[in-house]
Each structure stands twice: as C-alpha cells, then as structure tokens.
Amino acid sequence: MKLVRRLAVLAAAMTTLLGVVTTTQQASAELFNPRQDWLRDASGGLFLHWGMRTAPGFRDGASWEKAITDGGWKADYWVDEAQKLNAKYLVLASFHSRLGYGRAWPSKIPGSAHTERDFLRETIDAAKAKGLHVILYMTDDPQWHAEGGWEQLDSAAYSAYKGKNVDLTTRDGFGEYSYDNIVEVMQNYPDLSGFWIDNDNAYWERNKLYERIRAERPNFLLSNNNEDTPIMDTISNEQKVGMTPAYDYPQATYTPAPRLTEACFKLPDKGSWWYTGSDYDVSAQLNLGRYITNTGSSIKSLMAETAMINGRFPAKQEAYNNWFAQTIAPIKESIDGTEGGGYLYGGLQPGFWNDGAHGVTTVKKDRPSQQYVHVLTAPATGNTLKVRDNGYLVGRVSDLRTGKPLRFSQRDGTLTVDGITWDANDTVLKVQTLGGRLFDWPRQLVTATASTETATAPAANLVDGNFQNFWDNGGKLPVSLDFKLPAKLPVSSVAVNQREWSVSYARSATEQSARIKDYTVSVSDDGVSWTAIKTAQLPSARGVQFVDFPRTWTKFVRVEVASTWAAATAPKYFQQLKIDEVRLSF
C-alpha cells in the first residue's frame, strides 16, 4: 500500500509539469571520440612487463631474442590468457626503464637493444584475429640506464645517427630518443591501438609529440600513467592500496566519469611487475574484487602478470586465470555491456549495505532497467540484503548464477531481498526495475539556488540532469543549498551525487576527500522561516549518498554544509565542494 500511495502522489505532481525542454552540453573532443569506443566497451586489459631484464636477464638484443625464440614464445598464448581474464586488450611493456629499454621489434634507430624478429607485429596480428587490441607502453625515464651494473643506452650510436651529440642518460636526451621511437612505431604499425605513456617529458611537449600522433594516427588511443592530461584519452591509476575493503580500488581514484579511467594493478601479491624468477601467490578474492568494483565504477582493470622469457606465466598465475574464467562465466552479463551504478548512469546505490555487506551495482547500457547487485562481502549474519533503491520501482529479483527467483520488498527507499545463498566470491542479484526513478520528484519541478557559486558552475546545474555540469562552492564554507518545489509536497530524503574528482578516503596528508562531512537539513513553507529537522555527517563515499529525514510536507528544502572531509593539509581539496546532481525523494 505504501508503494501505491507514493506512486499516486507522483502521478498528481506530474500533472503540474510544463514540459520543460533541456539540452545536453557538448563534450570536449578528447572526452569523447570514436577511437575510444572499443575501450569503453571493455572491462579490462592484460599488462605485460616483458623485456631485456626478464629473468634470467640479458645484455644484448641477440641473446634476448634467441632465448625468446628457443623458449617457444607464441603470441596466441598471451591472447588466450587475456581472454580468460575477460580482457579486451594487451599493453606490452618492453621499452621500460627498469626492464632494459629493449624493443621487441625491429628498429632503424640505434640507442638500445632491439630484436630482428617482430614480436610486436606477431602480437598485434594474434590479437586482431580474436578481436583484441594492442597498446604499446613507452617510457620517458632514463634514470635506470645502468640498472644491473651495465650500461643499456648507447649515446654514441644515437649521436652518430642524429649527427649531433645527444646524451641518452639525461631527461632531455632520452626524451628525443623516445620521441623518435614513438614516431617510428606509429609509422610502422598503423593497426596498433595506441600508446600507454609512463608519465611525461618536456622534450615531447616542446616538440608537440601528442599533437603529431593525433594528426598522423587519429585512431590511436593515448593513456597516461598517474596524471590526468587533457590531450590523453585515458588516465591510469597505478597499484593503489590501503582501502577498506582492500578490493575497493575505486576509492583511490579521482577522475569523474565519463572520463576514461584505468586501474592498473599487479595480480601476484608480491614482487616486481616483471618476472624475476619467482612464482608468487595471486589472491583470488582480492583481485576478483578489484575487477568487479572497478566494473561497478566504469573503471577499466589493467591487470599485470609476469610473463617469463618464453612468454608463459608462472603456474600460480595460469591457475588464477583458469579460476577467473570459470568464476565469471555465469555472471558475464552483469559485466559485459554494463556501466557502474549509482552515478551518472543511474542504478541502485553501491558501497556499504546492511550488517557489513559491501559491493557495487551495474546497469545494462542498452537496457538501463536491467540492473545487477554484486555482493562481494556478504552480511555478517543472515541471508538478507538491504540496498537503497535510488528511486527505482523493482519488479523482479533473482540470483544470476542459479536463476532462482528471490523474495523482495520495498519500503522507505530501501530494497530488501531475502533468502539469498551467498557465493564465496561474488553473489550477483539480477534486478529488473520498472522504468525510471518513480519515487523522485522530477527535476523539472525543482529549482536550486545556493548561498555561493562560481560563474561557470552555478546552482542551477544541481538539477539539470547533466553530470558534465556541476555546482562549485568556490571554496566557501559554510554554504547553503536551497531547493524549491512548486507547492507543499512530501519529501523524505535528498539524494546527492557529489563530483568524483577526489579520492574517497584520505590516502595521504595532501590527497583527501572533497565531499560533504557535517550538514544540517531544514525545511520551510515560505523560504524565509526555516525549521531544522536533521544534523548529521555524510560518509566519504563514491556513488549516490542519501540524506534521510522523516517524511515532511514542505515547499523548500535547505541543505547547509558546514564542513567537508579534506583537511587544510590538502589545499587542493580543503573546503572545496563540487556536486553534480541532487534529487528530492518522497
């Protein structure tokens, strides 16, 4: 009966709508581009650190190449292992500083070791045959040129080639050398899918390397490690740890969707990114959890394995790949063709649920009414899960692995599912919703104002339905956000999607969460006299967050933010607040 009453109230309010027409802001050319489509459709990739210093280590290109060939290296093996990980691309790192700057392809540019056999070409061809892509890692860093006690860069040979003196052990000299190598590869491998850039180089910037790639190979993706550079298609976040739960990698990322974002992490729990002779353990639950939580935030998982000189992975990594393939096979529909839930793509609320449960949600791209709840940490007791419905009316819930229908109910914004049998790794509930957010007041009914705003990020952006627009407090706290309805109507919660431009937990003294901490909610009939009805703290968390209070008939709702989670030690985030969208629920 409660659902019926809520729907009746909504139906009455809808008759007041005036058919407001909205427009969508045009995204920048680098935020969206057709060259990104295949990566946006992927959930992950396989990162291969495999070069001159792969154990047992080599000092010249000929002996390195002989060991690879004699070992029976085949590119098809890498592609097959990537497919077990549901990966749609390979990132090959041989031109890596600590791996000896070796180039696993023929080159006319002297300066470091290269092979005569074209391992890069063979990898590209094998990947293409099975619908995968290859990206090439390139470094700008010469500091490890004498790693292992021998010189790996030949400045004299490169200087003779260039007709001038170039010291490859300097940042600028190596920048010129790596620039030439990137151009050579770009010209020789038009069906490569792009470059994965490990940081940046002033020589590249002065000589417009990225602009040249854009002009000559507009289909190439550019990804940058640990730095969100506007001209790049992707930002990759390297090996983040310390979160609770440990698998919730997105807590450590700081770039809001729809920016293409990668989480780059090692599958073996210990050791280097490359093979050093050891067969380290792979934590199945940790790494599956990373993969699933990344998928639930529309973040791509770039999973690193340590290929031996013959290309094969140590036994424990092969075993993990086989286990992973079997584990996700029954739930692939909740991963492939989906976006992360709770943010700009809609969907039920992710994060912490009842009794210590934790997980993420996903939403089908072509059918947003079809959603999934991934329970990675089950409740401490019982077989019940309680998830915020985020305004959706639910029509059916089932266990995706077994197909078993599950009992459920909805009340006061919460979906309660009973009779669940918990999977040891990822219990996936298939949730069919009925249309859009039926329990939210339509944004066309709501106007927003704020006590402060910036010229380019006004309060009107809070209710425009566009996550590329946001409101900015301009660094001023406290701040009041006022929401006006067309008449006195029932309101029971405020759903807040804060901009995900900072980590959601304090990773360091300078990298903290720019999200609401202390707040007060007040209501008013006239917008002049206010009555406070709740004072509390909002958790520092990604995804939609809810400010709940007793259902109140009101025309105005005010959310006053007294503080945020970032401290003065993080000046980039201290007192800074950005909010994408706010919705009022009844």
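First, the term pocket: on a 1 Å grid over the protein atoms alone, where a 1.4 Å probe fits, it is an open set of points with protein on both sides within 12 Å along at least five of seven lines, and lining residues have an atom within 4 Å of a point. Keep in mind that this is a predicted model, where local features need pLDDT of at least 70, side-chain atom pairs count only at pLDDT 80 or more, and totals for chains, interfaces and linings use all residues. Residues are numbered from 1 along each chain as its sequence is written, and side-chain values use heavy atoms, with hydrogens and water left out.

Now the largest pocket. It is lined by 39 residues. Nearest its centre are Pro350, Gly351, Ala541, Arg542 and Gly543. The lining holds 13 nonpolar, 20 polar and six charged residues. Here Ala, Val, Leu, Ile, Met, Phe, Trp, Tyr, Cys and Pro count as nonpolar, Asp, Glu, Lys and Arg as charged, and the others, Gly among them, as polar.

On to the second largest pocket. Its lining has 22 residues, with Arg437, Asp440, Trp441, Arg443 and Arg583 closest to the centre. By class, that is 13 nonpolar, four polar and five charged.

Last, strand 8, residues 300–305. Strands here are DSSP runs of E, at least two residues, numbered from the N terminus. Is strand 8 buried or exposed? Six of its six residues are buried, meaning under 20% relative accessible area with a 1.4 Å probe, protein chains only. Lys300, Leu302 and Ala304 are covered on one side, and Ser301, Met303 and Glu305 on the other.

How values were computed: Buried means under 20% relative accessible area, exposed over 50%, partly exposed in between (1.4 Å probe, protein chains only). Helices (H or I, at least four residues) and strands (E, at least two) are DSSP runs, numbered from the N terminus.
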